[in-house]
Amino acid sequence: QVQLVESGGGLVQAGGSLRLSCAASGRTFNIYRMGWFRQAPGKEREFVAAHTWSGSRQYYADSVKGRFTISRDNAKNTVYLQMNSLKPEDTAVYYCAANPSGLGNKYDSWGQGTQVTVSS
C-alpha cells in the first residue's frame, strides 16, 4: 500500500491560482501512475489529471486542459497539481491517488482530500 497526503487547498477568487501537493510514502516503488481526482457536492468523483511515476506521460480531463498542469518530483515522492485560471465550477474536494503496476487503470490508494473553493 501507498500512503498519500494532500495539501494546498483553500479559497481563491475566480481567475486565481492554487498548487496542490500530494506526498507519497510506503510502497512507492510499485507506483505506475499518480492521478488527481475531484468530487463536487452532489456529483460523482471525476478524473482531473494523471502523470506516470517514472516517465513523462501526462493525461488531462478536457475541462482542465490548458489551465491545470500536473508534475512530479520523484526525489521528494511528491506530485503537484498547478491550477490556473480557476473557475467556480472547479470547486470540489481534490484527491490524489496511486495506480500501481499490474492493476491496469485501477487506483487503489487514496489521500484524504483537500478542499478547493473558487468564489465568483
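Some ground rules before the residues. Because this is a predicted model, local features need pLDDT of at least 70 and side-chain atom pairs count only at pLDDT 80 or more, while totals for chains, interfaces and linings use all residues. Residues are numbered from 1 along each chain as its sequence is written, and side-chain values use heavy atoms, with hydrogens and water left out.

I'll start with the rings. Rings of Phe, Tyr and Trp (for Trp, the six-membered ring) pair if their centres lie within 6.5 Å; planes under 30 degrees apart are stacked, over 60 edge-to-face, and the rest tilted. By this rule there are four aromatic pairs. Phe-37 and Tyr-107 have ring centres 5.0 Å apart and planes at 80°, so that pair is edge-to-face. Phe-37 is in strand β4, residues 31-39, and Tyr-107 is in the loop between β9 (92-100) and β10 (109-110), so the pair ties together parts 70 residues apart in sequence. Strands here are DSSP runs of E, at least two residues, numbered from the N terminus.

Tyr-107 also pairs with Trp-110: the centres are 6.3 Å apart and the planes at 50°, so this pair is tilted. Ring pairs link Phe-37, Phe-47, Tyr-107 and Trp-110 into a cluster.

How buried or exposed are these residues? Buried means under 20% relative accessible area, exposed over 50%, and partly exposed in between, with a 1.4 Å probe and protein chains only. Tyr-107 is buried at 12%, Phe-37 is buried too, and Trp-110 is partly exposed at 30%. Arg-45 lies over the face of Trp-110, 3.8 Å from the ring centre; the rule is CZ of Arg or NZ of Lys within 6 Å of the centre and within 35 degrees of the ring normal.

Next, Arg-67, in the loop between β6 (58-60) and β7 (68-73). Arg-67 is buried, with a relative accessible area of 11%. Its side chain reaches the backbone oxygen of Ser-85 at 3.0 Å. Beyond its neighbours within four places in sequence, Arg-67 is in contact (heavy atoms within 4.5 Å) with residues including Gln-82, Met-83 and Asp-90.

Last, the core. A nonpolar core is a set of buried Ala, Val, Leu, Ile, Met, Phe, Trp, Tyr and Cys residues joined through side-chain atoms within 4.5 Å. The largest has 28 residues, and Trp-36, Leu-81, Met-83 and Tyr-94 have the most contacts inside it.

Technical notes. Helices (H or I, at least four residues) and strands (E, at least two) are DSSP runs, numbered from the N terminus. A polar contact is a pair of N or O atoms within 3.5 Å; within protein, one must be able to donate a hydrogen and the other to accept it, and residues adjacent in sequence count only if both atoms are side-chain atoms.
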